[in-house]
Amino acid sequence: MITLPLDWELYIEKHTAPLPEILDEIERQTYLKTTYPQMLSGKIQAGLLHFLIKLSRPQKVLEIGTFTGYATIAMASALNEKAEIDTVENNEMMAEIARNFIEKSPWHNRITLHPADAVDFLKQTRNKYDFVFLDADKENYPVYFELIKPLLNPGALWVTDNVLWSGKVLNPTDKQTEGIAVFNRRITEDNTLENYLLPVRDGLMLAIKK
Ligand SMILES: C[S@@+](CC[C@H](N)C(=O)[O-])C[C@H]1O[C@@H](n2cnc3c(N)ncnc32)[C@H](O)[C@@H]1O
């Protein structure tokens, strides 16, 4: 994780278009109710996702790893009226927290929460996507690479979180880090995708489907 000094973070937030207020409440509840609240995207990363959605104007968005719905709502609030998000979460407790926030939000009609294992979901879905945010179990990143690729429309933007994994990708010694390192290699070598590793937070891999 690239940690910025707190005053830099506050300056960035102050000089970035504000995100919906409900995200502050989700952040509070995530810190009160979950064991690993740092999994939440946070304002700077969620602001970037929101901005990328505005820029790329997708009709169909897929998020793998909903957690408490923070990035889901940040992305949904940037969508055009008829666009939609599928978000997939396999932890029942997290899905319940996310569902409550999604239902309370003005964007609930745009969001479908799938309480399912992401691998099962990706194998059975018939949807194609214009924007994907991958942010789930790191060991499975190579599996997600193979399953997500055929679901991308031409021109789709695919964002993957934690691709630097606090720098551990330089020398992988465990299964999670190995999963990320294989993913990074495959996405870079794949000539149907053009990618860019953005060193924001814990590393975001951006890729465009040619
Ligand atoms: C890093 S958190 C997601 C954070 C969220 N995208 C955000 O920005 O706030 C990862 C989430 O993926 C979920 N997850 C892990 N493995 C999964 C799987 N195989 N299928 C579906 N969800 C999974 C975890 O339960 C966790 O809630």
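Author: Helices (H or I, at least four residues) and strands (E, at least two) are DSSP runs, numbered from the N terminus. A helix's expected span is 1.5 Å times one less than its number of residues. This is a predicted model, where local features need pLDDT of at least 70, side-chain atom pairs count only at pLDDT 80 or more, and totals for chains, interfaces and linings use all residues. Residues are numbered from 1 along each chain as its sequence is written, and side-chain values use heavy atoms, leaving out hydrogens and water.

Reader: What span does helix α2 reach from its first C-alpha to its last?

Author: The twelve residues of α2 (residues 22-33) reach 16 Å, close to the 16 Å expected.

Reader: Which residues of α2 are buried?

Author: Buried means under 20% relative accessible area, exposed over 50%, partly exposed in between (1.4 Å probe, protein chains only). An α-helix has 3.6 residues a turn, so residues three or four places apart point the same way. In α2, the buried ones are Ile-22, Leu-23, Ile-26, Gln-29 and Thr-30. They sit on the same side of α2 because their arc around the axis is only 125°, taken from the directions from the helix axis to the C-beta atoms.

Reader: And Lys-60, buried or exposed?

Author: Lys-60, in strand β1 (residues 60-64), counts as buried because its relative accessibility is 17%. A polar contact is a pair of N or O atoms within 3.5 Å; within protein, one must be able to donate a hydrogen and the other to accept it, and residues adjacent in sequence count only if both atoms are side-chain atoms. The side chain of Lys-60 makes one with the side chain of Asp-86 (3.5 Å).
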